[in-house]
Amino acid sequence: MYIRKHSVNRPPTPDEDVTESPERDELTLGEIINIKLVESGEKENLMELVRDRLVESGWKDEMRIACREHVKKKGRKDVTVDELIRAITPKGRASVPDAVKEELLDRIQNFIRSAAI
């Protein structure tokens, strides 16, 4: 049996039955955009774009080095994956190049315009 794993840094993509919450009748604009991105396949395209840009910019290598330094400082046997993620995530988010953020934002805005959400 295959269990779908979600990224630690972002919430899971909602499944069809998850979006129909009994507590509220309406979806937020963010939820609607996310659903449209998933349905169209554009979310996967955007994720691939971000991965590629982060590798091209050297961000991925910087994060790998930061992880190794953290493990070396704490000791290999004394570091859990969860602790490593908690320690590195703030630095990782803060160090994403502005050009990557801008390109992603432009692509999302163009998607919204073309989808007429």
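This is a predicted model: local features need pLDDT of at least 70, side-chain atom pairs count only at pLDDT 80 or more; totals for chains, interfaces and linings use all residues.
**Reading a helix pair**

Residues are numbered from 1 along each chain, and side-chain values use heavy atoms, without hydrogens or water.

Visitor: At what angle do H3 and H6 pack?

Guide: Two packed helices are described by the angle between their axes and the distance between the axes. Here H3 (residues 42–57) and H6 (residues 98–115) pack at about 165°, with axes 10 Å apart. Axes are lines fitted to C-alpha atoms over the stretch in contact, and angles run from 0 to 180 degrees between N-to-C directions. H3 and H6 are therefore roughly antiparallel (over 145 degrees).

Visitor: Which residues of H3 and H6 meet?

Guide: Contact means heavy atoms within 4.5 Å. From H3, the list includes Leu 46, Leu 49 and Arg 53. From H6, it includes Leu 104, Ile 108 and Phe 111. The contact residues divide into eight nonpolar (Ala, Val, Leu, Ile, Met, Phe, Trp, Tyr, Cys, Pro), one polar (the others, Gly among them) and four charged (Asp, Glu, Lys, Arg).

Visitor: How is Asn 110 classed by relative accessibility?

Guide: Buried means under 20% relative accessible area, exposed over 50%, partly exposed in between (1.4 Å probe, protein chains only). Asn 110 lies in H6. At 43%, Asn 110 is partly exposed. Across the chain, buried residues make up 23% of the 117 residues.

Note on methods:
Helices (H or I, at least four residues) and strands (E, at least two) are DSSP runs, numbered from the N terminus. Angles under 35 degrees count as roughly parallel, over 145 as roughly antiparallel, 65 to 115 as roughly perpendicular and the rest as oblique.
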